[in-house]
Protein chains: 2
Amino acid sequence: MRLYKSSEYAIRCLVSMAHSGGGVHSVKSLSDNLGIPYKFLGRLMSRLGSEGVVESVKGKAGGYRIVRPLEDIRLAEIVDIVEGLESYERCILGFDRCDEKNPCPMHEFWSGHKDGILEMLKSTTLAQLAESEGKKI
Amino acid sequence: MRLYKSSEYAIRCLVSMAHSGGGVHSVKSLSDNLGIPYKFLGRLMSRLGSEGVVESVKGKAGGYRIVRPLEDIRLAEIVDIVEGLESYERCILGFDRCDEKNPCPMHEFWSGHKDGILEMLKSTTLAQLAESEGKKI
DNA sequence: GCAAAATGCTACCCCCGGGTAGAATATAAA
DNA sequence: TTTATATTCTACCCGGGGGTAGCATTTTGC
């Protein structure tokens, strides 16, 4: 019942970048400021780059930059890229088909929470996460 | 965002046992009926036995039996025994201290869901899970 | 042109959840 | 007493997420 470390890192990193404006941030500086393993974060940002969430700037003074509007980048997209959303959509007891018509024993107790979480992931944007000052990152 | 296989198996197995009365069930029969790996389920039941959720009956015609009243066995207890509840209580972004006073960026979006899930686990009993006919197990 | 600083890529290692194998032990039925 | 059927215990293997290391590549600043 937790995000993968990859998702934790990706979200914290993007929130930090969003928070400090639209400039270019090197992986080194992000890694130092957020306490995230350098090489690991590098792979993560590379992946977010190839999926079009951020843009890479090569060479000296290079790094990564968020290009799309923050209101456009939703949690569900980030999580889907780095860990996939399958585990948020599947039956809690692992059955292939599980719905109102043919429920597992936990369905009535779980489906509400599952739907709520998915809805939250799909509706919450990077703009919302970044807008409040004073929060830890 | 999912139960460990261990929790899936433990819940399905206990629901199945509760459903078919208070008799003794061998690991072999449970494994066959539910499609759960035999040796793996054996270790799981042994653990549930040492924690007092079920009772082992050795020798020929032996197996496991639920002893405590079904209204007394809650999901939270089962999950805590086989996989632990830590991941259901911690901050979604992994911060050590994260609360209303000192929130992480996701706190306001996540804490409600977290509390709801924990409350569900702590209040739902084996009796509730087992009572409905026609559900898959 | 050259060096510094950055991304990009490949190959590893470690830990742990999940799963398997086999022998030891206990006990009811024959 | 023997045998069949069960739990119990230990050791091992596999795959994947998390993490590290090294080198190639790119591009700016001098």
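Predicted model: local features only at pLDDT ≥ 70, side-chain atom pairs only at ≥ 80, totals over all residues.
Modeller: Read along the sequence, chain A runs α-α-α-β-β-α-α-α-α.

Colleague: How many helices and strands does chain A have?

Modeller: Chain A has seven helices and two strands. Its C-alpha atoms fill a box of roughly 60 × 30 × 25 Å along the principal axes.

Colleague: What percentage of chain A is buried?

Modeller: Of its 137 residues, 52% are buried. The accessible surface of chain A is about 6,800 Å², and carbon and sulfur atoms hold 47% of that.

Colleague: On to the DNA. Which residues come nearest to DNA strand D?

Modeller: There are 24 residues around DNA strand D, and A:Lys5, A:Ser6, A:Lys39, B:Val27 and B:Tyr64 come nearest.

Colleague: Which side chains have a polar atom by a phosphate oxygen of DNA strand D?

Modeller: Among them is A:Ser6, with a side-chain N or O atom 2.9 Å from a phosphate oxygen. For B:Ser56 the distance is 3.0 Å, and for A:Tyr9 it is 3.2 Å.

Colleague: Which elements supply at least two residues of that surface?

Modeller: From chain A, helix H1 (5-19) and helix H3 (38-50). From chain B, helix H3 (38-50) and strand S2 (63-66). H3(B) gives the largest share, four residues.

Colleague: And how do the residues of the surface near DNA strand D divide?

Modeller: Nine are charged, eight polar and seven nonpolar.

How values were computed:
Residues numbered from 1 in each chain as written. Chains lettered and ligands numbered in written order. Heavy atoms only, no water. Near = heavy atom within 4 Å. Polar contact = N/O pair within 3.5 Å; in protein donor to acceptor, adjacent residues only side chain to side chain. Nonpolar A, V, L, I, M, F, W, Y, C, P; charged D, E, K, R; others polar. Buried < 20%, exposed > 50% of the residue type's maximum accessible area, 1.4 Å probe, protein only. Areas by Shrake-Rupley, 256 points an atom, 1.4 Å probe, with all protein chains shown as cover.
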